[in-house]
Amino acid sequence: MAARGLGRCAGRLLGSLCGRSVQPVPQLRGVRAAPGAAGQPGSYQAQSAQAARDPAAFWGPLARDTLVWDTPYHTVWDCDFSSGKIGWFLGGQLNVSVNCLDQHVQKSPESVALIWERDEPGTEVRITYRELLETTCRLANMLKRHGIRRGDRVAIYMPVSPLAVAAMLACARIGAVHTVVFAGFSAESLAGRINDAKCKVVITFNQGLRGGRVVELKKIVDEAVKHCPTIQHVLVAHRTDNKVHMGHRDIPLEQEMAKEDPVCAPESMGSEDMLFLLYTSGSTGTPKGLVHTQAGYLLYAALTHRLVFDYRPGDVFGCVADIGWITGHSYVVYGPLCNGATSVLFESTPVYPDAGRYWETVQRLKINQFYGAPTAVRLLLKYGDSWVKKYDRSSLRTLGSVGEPINFEAWEWLHKVVGDSRCTLVDTWWQTETGGICIAPRPSEEGAEILPGMAMRPFFGIVPVLMDEKGNVVEGSNVSGALCLSQAWPGMARTIYGDHKRFMEAYFKPYPGHYFTGDGAYRTEGGYYQITGRMDDVINISGHRLGTAEIEDAMANHPAVPETAVIGYPHDIKGEVAFAFIVLKDNTGDTDAVLKELRSAVATKIAKYAVPDQILVVKRLPKTRSGKVMRRLLRKIITGRTQDLGDTTTLEDPSVITEILSAYQKYKDKAASQ
């Protein structure tokens, strides 16, 4: 198998396709003023206070000076948490792709926008802003020719690659709404997202490459679209030379793009028009399509990218997240490109071909900021220091952690070994819903302390409060509570697609007047925040949020399984993993065969990473008199905290605890003897 770049017409898809002459770049629309060091005068404390006290005075000038506008906005913000109304920069019109591409092409067309760190080490591809704009325009024109119009939804099922970025920006250019689906999800998960969004088109590759393995992307798409009546076309690009089946809906992407003009007039979009949908797991079984809009999201992504990571012009920014997650949207694509940065696209894995892959890449590409997940750090830590010290990391200035709270050991190793105790380490807390980083050690006053394993400081405009179980604000220091945000910020999601009631119930009803994050937090003596983890039935596996109900639903369809309950429990590498308790019907024969089928069902319906690490067969589940499964008791049994089970008076039959404890002990004894 021969690996390919983005196309073969003239060696590369980006730039002049198939030898065609390049037309002039369209003139930049609007005027962009140069922002100050932090966009506003004054210290971190002063700016934070202003953003909290007078959001219009803080965000208004920032939006005006940072973004390229077609039409100025007349109202900075109009938000009401009681009704879930969120509006920023009302009346303004702009185009996100112009902000990410055209303005930089006009000033410095040959600046490198993307460095594609392909799966094969040492075969990186550099893409200039001019090339990325031309490719984006060709793809945008192709989408229009195949019937995609403003407001239509387009599914992108592609691994990290320049063409995937161009697909996102092409949608933004013509006013279509993209929904990127992580290219590790199953056909069933992909179909569910396509159907919820009612997408007309899917863009994919024939195959993907990851860690030296081939991923059959087109086959997964073929299986998915059998159940997707709204899909009219499947656009298929090529990552490998291997041929795949092409049906009546399938269109060879590179060939068709070669016929298109490299200039496409951008749609002028309202500030609150949809930019993209991104699906995330909830505590109920159905993933929810979070809606992010144009101006507020882009401003927030760009500003957090610049200030949290100390991005400076000329830096090479290395976020190793997949574009299928919000981290990839905000800190691989939109934030860096709006700032004119060089953004690294990392296609591979941390241990391919060996445990030095990240650090060899840092040395070769001279990366200045490295943003990754605690899961990967914990994995690499176990390989020892030599894989790190083998490579020159002197280009690094900022290290970042994202996806879940980072434990102390991983923080220390990242800071001392990877960063040589000289790099700023920012442990960032945020969510798909927030659009960008909300709590992080930077920005701050110059020289301010950074404490290990702690997100610490709210970003400008983020006003955190802790709430107790009764819905009262928890005051003071050295206290814990439910982490809520009391004021709107530009980057936040606007609704759940097609279900604003669910949006309200999930985020604004639990603590009226506040946005409920779903996480718990601890506030220190110094007023810093430490995230303590999820408070609902959502687990975080290797940085991927997954509702336990999703796993339960996948297993409950098995005819031999009348009941199941899934919890998350700690794991040294992955942070959390799923532990499933299942009840089998009395006449069930081969238990091992059933367990194998259950694992296969979860992998097929969701993804391989969602498969429970352990499955325990029990006679019954601990339920309240009203029939609710008490998962907190299951969690305490698994984590060995049976001396503090809390209130069990609502259990229908308290003897079930002894029953499950006995089954779990036998399970552990059997595992230990094998």
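**View 1. A buried aspartate, Asp 102, in a predicted model.** At 3% relative accessibility, Asp 102 counts as buried, because anything under 20% falls in that class. Everything in these views comes from a predicted model, this residue included. Asp 102 belongs to helix H3, which covers residues 96–107.

**View 2. The seven-stranded sheet.** Here we have an open sheet of 7 strands with mixed pairing, and the order reads S5-S4-S17-S16-S18-S19-S20. Which strands stand at the edges? They are S5 (125–128) and S20 (424–427); each has a single partner strand, so one side of each goes without a neighbour in the sheet. On average, neighbouring strands are turned by 20° against each other, ignoring direction. Zoom in on S16 (residues 316–319) and S17 (residues 342–346) and you'll find a parallel pair joined by 2 bridges. Look for Phe 317, whose bridge partner in S17 is Ser 343.

View 3. Helix H5 (residues 162–174) lies across S4 (112–117), S5 and S17, and it runs at about 135° to S4. Helix H11 (residues 357–365) lies across S4, S5, S16, S17 and S18 (369–372), at about 145° to S4.

View 4. The "transmembrane region" feature sits at residues 154–176 in an unreviewed UniProt entry. What does the chain look like over residues 154–176 in the model? It is 57% helix and 17% strand, and the C-alpha atoms at its ends are 7 Å apart.

**View 5. Helix H4, largely enclosed.** Of the 17 residues of H4, 14 are buried, so the rest of the structure largely encloses this helix. How far apart are the end C-alpha atoms of H4 (residues 129–145)? They are 24 Å apart, which agrees with the 24 Å that 17 residues should span at 1.5 Å a residue. Just after H4 comes Gly 147, with a positive phi of about 90°.

**View 6. The hairpin of S29 and S30.** Strands S29 (residues 538–541) and S30 pair in the antiparallel sense, with 4 bridges between them. The hairpin has 2 residues between its strands, and Ser 542 takes a positive phi near 50°. In a regular strand, side chains alternate between the two faces of the sheet. S30 (residues 544–547) shows His 544 and Leu 546 pointing one way, with Arg 545 and Gly 547 pointing the other way; all of them are buried.

View 7. Strand S26 (residues 495–496) is where Ile 496 sits. Is Ile 496 buried or exposed? It is buried, with a relative accessible area of 2%. Setting aside neighbours within four places in sequence, Ile 496 is in contact with Lys 288, Gly 289, Leu 290, Val 291, Arg 502, Phe 503 and Tyr 507. As for Asp 536, 40 residues away along the chain, its C-alpha atom is separated from that of Ile 496 by 18 Å.

**View 8. The five-stranded antiparallel sheet.** This open sheet runs S24-S23-S25-S27-S28, 5 strands with antiparallel pairing. S24 (473–474) and S28 (529–534) are the edge strands, each pairing on one side only. Between S23 (residues 464–467) and S24 there are 2 bridges, again antiparallel, and the bridge partner of Met 467 in S24 is Val 473.

Technical notes
Residues numbered from 1 in each chain as written. Predicted model: local features only at pLDDT ≥ 70, side-chain atom pairs only at ≥ 80, totals over all residues. Heavy atoms only, no water. Pairing = 2+ DSSP bridges. Axes fitted to C-alpha atoms, helices over the stretch in contact; angles between N-to-C directions. Contact = heavy atoms within 4.5 Å. Expected span 1.5 Å × (residues − 1). Buried < 20%, exposed > 50% of the residue type's maximum accessible area, 1.4 Å probe, protein only. UniProt positions renumbered as here; feature names shortened; annotations may be inferred.
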